[in-house]
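This briefing gathers selected features of the structure shown below, grouped by topic. Please read it alongside the model.

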Amino acid sequence: MNNLLQRAFVRRMIGALFVLAWVVISANGQGTPTQEAPPKAAEQPAPQAPAKPNDNAEVSSQDTAPSFKVRVNLVLVRVVVRDARGNLVTNLDKQDFQLFDNRKPQVISTFSLEKPDSHLPKVTAAASTEVVSEPEGSEVAVPPGKVAVPQRFVAVVFDDVDMLAEDAVFVRNAATKLFGSLAPTDRVGMYTTSGQLTQEFTADHELLNKALLGIVPRPIAGGSGFHPCPEVSYYQADQIENFNNTQALIVATEDAIQCAFNGDERQQAQAQGLARAAAGTALATGITRTDFVYRHIEQYLHHLAVMPGQRIMVLVSPGFIITADTEESTDMIERANRANIVLNTIDVRGLYTPDLGGDIADPPPVNPKTSGFQASYRVLAQQAQGDILSTLADGTGGTYFHNRNDVDEGLRQAVAAPALSYLLAFSPQNLKIDGKYHTLKVTLTSKQRVTIQARHGYYAPKTARDPGEAAKQEIQEAVFSQEEISDLPVDLQTQFFKTGQSEAHLAVITHVDVKGIRFRKADGRSRDSLTIATAIFDENGNFVKGGEKIVDMRLLDSTFERLSRSGFQIKSSFDVKPGTYLVRQVVRDGEGAQMAARNGAVVIPY
């Protein structure tokens with residue numbers, strides 16, 4: 001699990017990484033530009049104690065937090081529409097949709113069509129001649145083109161704690177057909193609820209096939225051939241302890257009379273004591289088992305939440321019992337929705353016949369007086385196992401694949417990206433800071449019969465956040481997305497030159513169009529600040545490096561007029577190794593709380 005711990009560390013440190021550099025754009029002491037060319041960002045100086053800002057400087061950096069205004073958060077709703085035959089409906093427009101928040105109609109503020117290649121970034125750097133050193137400004141810019149850097153991250157979680165041996169064989173055979181449906185921009189990771197198998201996100205089909213061989217049952221208890229007296233199932237124990245089911249207690253007591261007292265009915269009181277003790281032990285064991293599974297699923301959710309793109313988790317499981325003591329599915333759904341993770345679930349049992357007799361390899365003792373009741377408990381337990389799979393999928397806008405033996409098709413549908421989806425967004429009006437769940441519903445204005453797959457809700461914030469902290473969180477969430485945001489007119493370019501056989505210098509250049517920024521006029525100057533956050537990810541979506549620059553602007557009218565014609569550029573520099581990288585940049589201004597987010601790609605040859 002070292003890689004997961006490293007990922008969690010990266011997430012905690014991302015705020016610190018985003019203060020790596022501060023930009024200084026020089027002007028003379030009176031604020032009058034010394035040259036007509038647009039000002040250029042100087043390279044990062046050696047760390048110094050924070051200096052008091054010079055209010056005469058037109059563009060400068062300062063170690064103080066800008067006065068952020070909280071941007072209106074958009075709720076994103078990704079929608080897949082299929083007709084009665086299961087085919088994608090591809091000819092819809094914004095006016096064809098209706099969106100409801102707690103049954104109240106909402107205005108769809110943004111609308112876009114999403115295809116698997118929607119966010120393919122342009123390659124913005126080309127190979128240059130390998131050199132030991134090269135003067136600043138000699139980097140080579142790039143010819144147009146695109147590269148298949150990761151866009152979708154799919155974590156396939158196999159529930160090997162609850163699987164039977166036949167389930168494992170079934171799913172291994174089905175999953176071997178999966179990889180042909182993957183796009184070049186898909187990255188798949190494989191994990192198990194036992195924590196014994198970890199294959200990090202990759203596009204290497206050979207590694208994924210090898211990982212499949214490790215899918216075997218790994219129960220954390222049971223299967224030893226020892227049967228307690230009386231034997232009480234997890235489901236029956238839940239009925240006794242949490243629902244005061246007197247029939248379930250009577251059945252357990254009768255089993256105790258038979259196994260502990262040779263059928264002596266006079267030992268009723270002692271037998272009932274044994275039955276209650278057995279129920280308490282069975283319930284505690286079941287809670288421990290379920291909690292173990294939950295903890296690993298949550299760990300993989302956290303891991304998936306920091307991947308830079310669309311996030312999907314596929315839980316392949318026979319299901320497990322949820323009791324009053326283990327009801328954590330609501331928390332898990334909330335975490336998934338906050339991280340924009342869709343949970344697709346697959347019942348690996350396929351089209352199964354209820355097992356009336358228990359495990360044939362380790363059959364329980366048979367009591368003729370209670371065998372009918374025990375069989376009914378087994379059937380009810382097997383039906384209840386699927387409830388958690390249905391709940392997780394429904395709560396996150398995913399699909400629940402069950403009662404079908406073509407599990408290979410279920411995996412393909414769960415993992416592969418739809419050829420087209422619709423991305424709707426709205427701004428909640430008068431949203432209360434109460435942490436309550438809001439139901440979402442998407443319908444079509446027409447009466448055609450369709451199936452709509454979309455998230456079913458979101459959670460309002462629990463507490464009002466400090467504006468500065470809220471802005472930082474907003475930037476961080478945008479960095480780990482791939483959605484393009486165009487509130488501000490910003491262009492992204494990259495350049496590089498190799499400094500050796502295994503080292504390169506990567507420059508990320510941001511061109512800002514001043515005309516699109518909402519300045520505040522004060523003391524004869526146009527004032528605003530820009531936060532420019534840059535993150536570099538490798539070809540499998542792993543965070544490599546990042547940095548943040550704060551640009552404070554106090555422009556005189558003459559400078560504002562000149563920069564309105566030319567704009568200006570900010571450069572961020574990173575030392576990296578040769579390889580393929582996704583460059584993600586987010587720009588946010590302090591006065592208007594507007595944002596821009598851009599994707600770029602760079603291929604640095606070895």
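A search of the whole structure, which is a predicted model, finds 12 aromatic pairs.

**Aromatic pairs**

- Tyr235 and Tyr377 form a tilted pair, with 6.4 Å from centre to centre and 45° between the planes of the rings.
- Because Tyr235 belongs to helix α4 (residues 234–243) and Tyr377 to helix α8, this pair ties together parts that lie 142 residues apart in sequence.
- Tyr235 counts as buried at 14% relative accessibility, and Tyr377 is likewise buried, with a relative accessible area of 5%.
- Phe537 and Phe543 make an edge-to-face pair, in which the centres are 5.9 Å apart and the planes stand at 75° to each other; both Phe537 and Phe543 are buried.
- One aromatic cluster is formed by Phe153, Tyr191, Phe201 and Tyr300.

**Helix α8**

- Helix α8, which covers residues 371–396, has 26 residues and should therefore span 38 Å at 1.5 Å a residue, and this agrees with the 40 Å that separates its end C-alpha atoms.
- Just after α8 comes Gly397, whose phi is positive, at about 80°.

**The sheet of β17, β18 and β22**

- An open sheet is built from 3 strands in the order β17-β18-β22, with antiparallel pairing.
- The edges are taken by β17 (490–498) and β22 (568–576), each of which has a single partner strand, so one side of each is left without a neighbour in the sheet.
- From one strand to the next, the twist averages 20°.
- Strand β18 (residues 504–512) is joined to β22 by 9 bridges, and the two strands run antiparallel; within this part of the sheet, Ile509 has Lys571 of β22 as its bridge partner.

**Arg598 and its surroundings**

- Arg598 is placed in strand β24 (residues 595–604), and its relative accessible area of 16% means that Arg598 is buried, the cut-off being under 20%.
- A polar atom of the Arg598 side chain lies 2.7 Å from the backbone oxygen of Ile485.
- Leaving aside residues up to four places away in sequence, Arg598 touches Glu484, Ile485, Ser486, Leu488, Val490, Leu492, Val583, Arg584 and Gln585.

Definitions and conventions
Residues are numbered from 1 along each chain as its sequence is written. This is a predicted model: local features need pLDDT of at least 70, side-chain atom pairs count only at pLDDT 80 or more; totals for chains, interfaces and linings use all residues. Side-chain values use heavy atoms; hydrogens and water are left out. Two strands pair if DSSP finds at least two bridges between them. Helices (H or I, at least four residues) and strands (E, at least two) are DSSP runs, numbered from the N terminus. Axes are lines fitted to C-alpha atoms, for helices over the stretch in contact, and angles run from 0 to 180 degrees between N-to-C directions. The expected span of a helix is 1.5 Å times one less than its number of residues. Buried means under 20% relative accessible area, exposed over 50%, partly exposed in between (1.4 Å probe, protein chains only). A polar contact is a pair of N or O atoms within 3.5 Å; within protein, one must be able to donate a hydrogen and the other to accept it, and residues adjacent in sequence count only if both atoms are side-chain atoms. Contact means heavy atoms within 4.5 Å. Rings of Phe, Tyr and Trp (its six-membered ring) pair if their centres lie within 6.5 Å; planes under 30 degrees apart count as stacked, over 60 as edge-to-face and the rest as tilted.
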